[in-house]
Structure formats: C-alpha cells, structure tokens
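User: I'm new to this one and would like to know where its labels come from. Could you take me through them?

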Amino acid sequence: HTSCAQCAVQREMEDRQKLLSAPPPAYTYDAPPPPPGIPPPHPPTYYQQPPNRQQTTIVVEQGRTIPTQAFIAPPDYTCLAIIAVFCFFPLGLLALHIAGKARESIRRGDVSSAYSEAISVRILSRLSISIGSFIITGIILAIALPIVLSD
C-alpha cells in the first residue's frame with residue numbers, strides 16, 4: 001500500500017509540474033449581447049499621447065479600459081523661470097536656461113533627465129523669487145520708513 005501512495009504522490013507532483021510549466025491560458029472577455037434596440041459595441045479605439053511624451057498606447061473597449069504603463073513628462077517650469085528672471089536676474093536666468101534643457105530632454109524622451117532638470121528649475125525659481133521679494137520689500141521699506149517717521 002505504501003507503493004500505491006507513493007505512486008499517487010508522484011503522479012500529483014508530475015501533474016503540478018505540468019501545470020506550472022504550461023503557459024497560462026488566454027484570457028478573453030465575451031461581453032453579453034446587447035439588449036434589443038441597443039446597437040452593438042464599437043470596435044476598440046486606440047489613443048496615443050502627444051509626441052513630447054514617451055509613446056504609450058491605451059486600448060479602450062466597450063465597458064472596460066486596459067491601462068498600460070505610461071510615463072508622464074514632468075513640467076518644465078518655464079513660466080516660473082520667466083517670473084524668476086524679473087525678481088532676481090542671475091538665478092532667474094540660470095533657471096530659464098535649465099528650463100530650456102528640461103524642454104529639450106522631454107522632447108528627446110529622456111524622462112529621468114527631464115525630472116532632475118525640472119526639480120532644479122523649480123528650486124532655482126523659488127529661490128530667485130524669494131530673494132527678489134526680500135530685495136523689493138527692503139527697497140520699499142527703505143523709501144517708506146523715512147517718509148513715515150519724518151511726520
């Protein structure tokens with residue numbers, strides 16, 4: 001009886017091995033037919049992202065969406081860099097230059113470089129705007145305080 005049990009265990013192990021080594025079954029989705037009076041579903045529609053982002057295709061079928069991995073291009077912060085140029089020229093100009101490099105990286109599809117350059121632009125722009133705000137506040141106070149105190 002022990003040999004029969006061993007044979008059964010051996011057969012079960014072989015069956016499991018076959019199941020694990022076989023390719024997975026194809027998954028299909030058969031939608032139920034539409035009720036009378038409703039037109040049949042449209043064929044799948046394919047959408048592509050604009051050319052400044054990494055190409056990804058998203059398939060949309062009636063009743064479900066199949067997501068694919070997508071890389072979203074980071075913002076290049078060009079507008080923030082332009083504002084920074086007016087607040088504190090040296091850092092703002094550097095931020096504007098790096099924003100141009102970030103735009104070029106996005107255009108090339110180099111997402112990792114674009115992210116690091118975008119972070120640099122954001123930091124430099126914020127620093128430039130902060131320094132410019134302090135300078136403008138100092139100038140206003142330097143002009144207004146003597147006028148207010150002389151009265």
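Analyst: The chain has four helices and three strands, in the order α-β-β-β-α-α-α from the N terminus on. Helices (H or I, at least four residues) and strands (E, at least two) are DSSP runs, numbered from the N terminus. This is a predicted model, where local features need pLDDT of at least 70, side-chain atom pairs count only at pLDDT 80 or more, and totals for chains, interfaces and linings use all residues. Residues are numbered from 1 along each chain as its sequence is written, and side-chain values use heavy atoms, with hydrogens and water left out.

User: Where is confidence lowest, and where is it highest?

Analyst: pLDDT is the predictor's confidence in each residue, from 0 to 100. Strand E2 (residues 57–61) is lowest in the chain at a mean of 54, while H2 is highest at 95. The mean for the chain is 80. Where pLDDT is low, the predicted coordinates should not be read in detail.

User: Why is Cys 79 called exposed?

Analyst: Its relative accessibility is 60%, and exposed means over 50% (buried is under 20%, partly exposed in between, with a 1.4 Å probe and protein chains only). So Cys 79 counts as exposed.

User: And what makes Cys 87 partly exposed?

Analyst: Cys 87 has a relative accessible area of 24%, so it lands in the in-between class.

User: Why is Tyr 77 called partly exposed?

Analyst: Tyr 77 comes in at 24%, so partly exposed is the label. Tyr 77 sits in the loop between strand E3 (64–66) and helix H2 (78–87), and has a positive phi of about 60° although it is not a glycine.
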